Amino acid sequence: MVYILLGKGFEEIEAVAPCDILRRGGVAVRYAAVGASRTVEGAHGITITAELSADSISPEKGDIFVVPGGMGGVDSIKADKEAMALLEKAAACGCDLAAICAGTSVLADLSLLDGKQITCYPGCENMMGKALCSTELSTNKDGSIITARAPGSAIDFGLALLSHIAGKQAADRVRRELVY
């Protein structure tokens, strides 16, 4: 299962585009709300009702956790001890992790990016701890970590996730269908 974590103030395109692309590719995806409400408002006033709350997830090997950016959403996740513990537990049990834009700093705060090649939003490099950061790349994959640069990379991010999960052929099929 792919879980996309939504904290209040998340960057909408970074949460919706990857979900859409993964679902078009036949991948099971669920939005997981961080905080008390399953209804989460994004940075630009778009509201998503998540299928479940993040604190109800028990990560299992094979799951993938996705952290969108949007500084409000990022700050919401970082301030939620249960959400941060969930990501640590997911990493410990071998789940793959993905983040886009400032969302990458959530993983960096947990030292999950130390020594990893990543990309992030230009100007956020100082938030990436001991990661090896290049903002020149739209997406980057280093082992079980997939990162993307910015809102403009959301489609590339979704396709990179789909390729990682279902293979290049599935991602190429969706890319063609999107005329991208």
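Predicted model: local features only at pLDDT ≥ 70, side-chain atom pairs only at ≥ 80, totals over all residues.
Two strands are taken as paired if DSSP finds at least two bridges between them. Val67 stands opposite Ala99 in E7. Four bridges join E6 to E7, and the two strands run parallel. E6 is also joined to strand E1 (residues 2-6), here by three bridges and again in parallel. Within this pairing, Tyr3 has Phe65 of E6 as its bridge partner.

The side chains of E6 were then assigned to faces. In a regular strand, side chains alternate between the two faces of the sheet. Ile64 and Val66 point one way from E6, whereas Phe65 and Val67 point the other way. All four are buried.

Asp63 lies in the loop between strand E5 (52-53) and E6. Asp63 is buried yet has no salt bridge. The nearest side chain of opposite charge is that of Arg30, 9.5 Å away. Backbone nitrogens do approach the Asp63 side chain. That of Glu60 is reached at 2.9 Å. Beyond residues up to four places away in sequence, Asp63 touches Met1, Tyr3, Ser58, Cys95 and Asp96. One of these, Tyr3, is the residue bridged to Phe65 in E6.

Helix H5 (residues 154-166) comprises 13 residues. The helix reaches 18 Å from its first C-alpha to its last, close to the 18 Å expected at 1.5 Å a residue. Its buried residues are Ala154, Phe157, Gly158, Leu159, Leu161 and Leu162. In an α-helix, residues three or four places apart point the same way, because there are 3.6 residues a turn. H5 is followed by Gly167, which has a positive phi, near 100°.

Cys19 was considered next. This residue is placed in helix H1. Cys19 counts as buried because its relative accessibility is 4%, under the 20% cut-off. Leaving aside neighbours within four places in sequence, Cys19 is in contact with Ile4, Val29 and Tyr31. Cys19 and Leu161 are 142 residues apart along the chain, but their C-alpha atoms are separated by 9.7 Å.

How values were computed: Residues numbered from 1 in each chain as written. Heavy atoms only, no water. Buried < 20%, exposed > 50% of the residue type's maximum accessible area, 1.4 Å probe, protein only. Lys, Arg positive; Asp, Glu negative; His and termini not counted. Salt bridge = Lys/Arg side-chain N within 4 Å of Asp/Glu carboxyl O. Polar contact = N/O pair within 3.5 Å; in protein donor to acceptor, adjacent residues only side chain to side chain. Contact = heavy atoms within 4.5 Å. Expected span 1.5 Å × (residues − 1).
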